[in-house]
Amino acid sequence: MLASRQSRHSKPGALLRVLVWIAATLALVRLVTFAHDPKRRNPKPTKAAAAIKTAREKMDAAKAKLAAAGKYTCCIKPSCDMCARHGGQCGCAASVAAGRGSCGECLEGWQAGLGSIKGVARESVTLRPSPSRPVDDELRRLEELVLAREAMNTAKRTLAGEGRYACCITGGCDSCALAADCPCGSNLASANPDRKSGVCGECLDGWHA
């Protein structure tokens, strides 16, 4: 009797999970169109400016070290940050050249015309989500990367307090924080269907992850 009751109740639950999965998949398809490109900036003054500046400087220093060691070969100019931040290395150039796709930040860069790999059409570049990209735990602990992450977290908290940072992924996207403005979460929650597809490439990567 108990088994039959569990069977009857499990079917609606399984159906609900399938419907949720379908809805999530359709949502990811809609997220492919980005709301903004990596060169955007919010000109309004923010108290997070100093932390943003520190995060930018430390990240640039970290990427310079990684590139000198042959661990950072990006596919856009200026190069992405998220591969260094999450994986301690970047192989997007080789990955895109081989047709395997790029990180979300690079994908957004290609959409904005910032691709730097000759012979590759920007329409052909696809997403290679973070779970499928290599991670070097030792390089992730590089001092400059640690300091960059700490400064960026400080900046995000300040921006959120100012009402100009509403992200849609756990931890929040850094590319929007560097622009001192993140509309990704509010775009998804908007009643305007034209804004629902507008998230940055880093958030798109996060949703797929």
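The protein chain has 10 helices and zero strands, where helices (H or I, at least four residues) and strands (E, at least two) are DSSP runs numbered from the N terminus. The model is predicted: local features need pLDDT of at least 70, side-chain atom pairs count only at pLDDT 80 or more, and totals for chains, interfaces and linings use all residues. Residues are numbered from 1 along each chain as its sequence is written, and side-chain values use heavy atoms, with hydrogens and water left out.

**Overall build**

- Read from the N terminus, the elements of the protein chain follow the order α-α-α-α-α-α-α-α-α-α.
- Of the 209 residues in the protein chain, 41% are buried; buried means under 20% relative accessible area, exposed over 50%, and partly exposed in between (1.4 Å probe, protein chains only).
- Among contacts in the protein chain with a separation of 6 or more, 63% are between residues 24 or more positions apart; a contact means heavy atoms within 4.5 Å.
- The protein chain has an accessible surface of about 11,400 Å², and carbon and sulfur atoms account for 58% of this area. Accessible areas come from the Shrake-Rupley method with a 1.4 Å probe, and for residues only the protein chains shown count as cover.

**Nonpolar core**

- The largest nonpolar core contains 48 residues, of which C80, C173 and C184 touch the most other members.
- Two or more residues of this core come from each of α2 (49-68), α3 (82-87), α4 (92-97), α5 (104-111), α7 (143-161), α8 (174-178) and α10 (201-208).
- A nonpolar core is a set of buried Ala, Val, Leu, Ile, Met, Phe, Trp, Tyr and Cys residues joined through side-chain atoms within 4.5 Å.
- In soluble globular proteins, nonpolar side chains tend to be buried together.

**Helix α5**

- Helix α5 is mostly covered, with seven of its eight residues buried.
- Those buried residues are G104, E105, C106, L107, E108, G109 and W110.
- The cover over the buried residues of α5 includes α3, α4 and α10.
- E108 is part of helix α5, and its relative accessibility of 2% makes E108 count as buried.
- E108 and L204 are 96 residues apart along the chain, and their C-alpha atoms are separated by 9.3 Å.

**Salt bridges**

- There are 10 salt bridges in the structure, each a side-chain nitrogen of Lys or Arg within 4 Å of a carboxyl oxygen of Asp or Glu.
- One of them joins the side chains of R56 and D81, at 2.9 Å from N to O. This pair links distant parts of the chain, since R56 is in helix α2 and D81 in the loop between α2 and α3, 25 residues apart.
- Another joins D81 to K63, whose closest N and O atoms are 2.7 Å apart. D81 lies in the loop between α2 and α3 and K63 in helix α2, so this bridge ties together parts that are 18 residues apart in sequence.
- R56 is partly exposed, with a relative accessible area of 26%, while D81 is buried at 4% and K63 is buried at 7%.
- A network of salt bridges links R56, D60, K63 and D81.
- D205 and R133 also form a salt bridge through their side chains (2.8 Å, N to O). D205 is in helix α10 and R133 in the loop between α5 and α6 (137-140), so the pair ties together parts that are 72 residues apart in sequence.
- D205 and R133 are both buried.

**Surroundings of D81**

- Apart from neighbours within four places in sequence, D81 is in contact with R56, M59, K63, Y72, E105 and L178.

**Cavity**

- A search of the whole structure finds one cavity of 30 Å³ or more.
- The largest cavity has a volume of about 50 Å³.
- Its lining consists of A55, R56, M59, D81, R85, A148, R149, M152, D174 and L178. The elements that each give two or more residues to this lining are α2, α7 and α8.
- On a 1 Å grid over the protein atoms alone, a cavity is a set of points where a 1.4 Å probe fits but cannot get out, and lining residues have an atom within 4 Å of a point.
- Grid points are joined across faces, edges and corners, and a volume is the space filled by probe spheres set on the points.

Methods: On a 1 Å grid over the protein atoms alone, a cavity is a set of points where a 1.4 Å probe fits but cannot get out, and a pocket is an open set with protein on both sides within 12 Å along at least five of seven lines; lining residues have an atom within 4 Å of a point.
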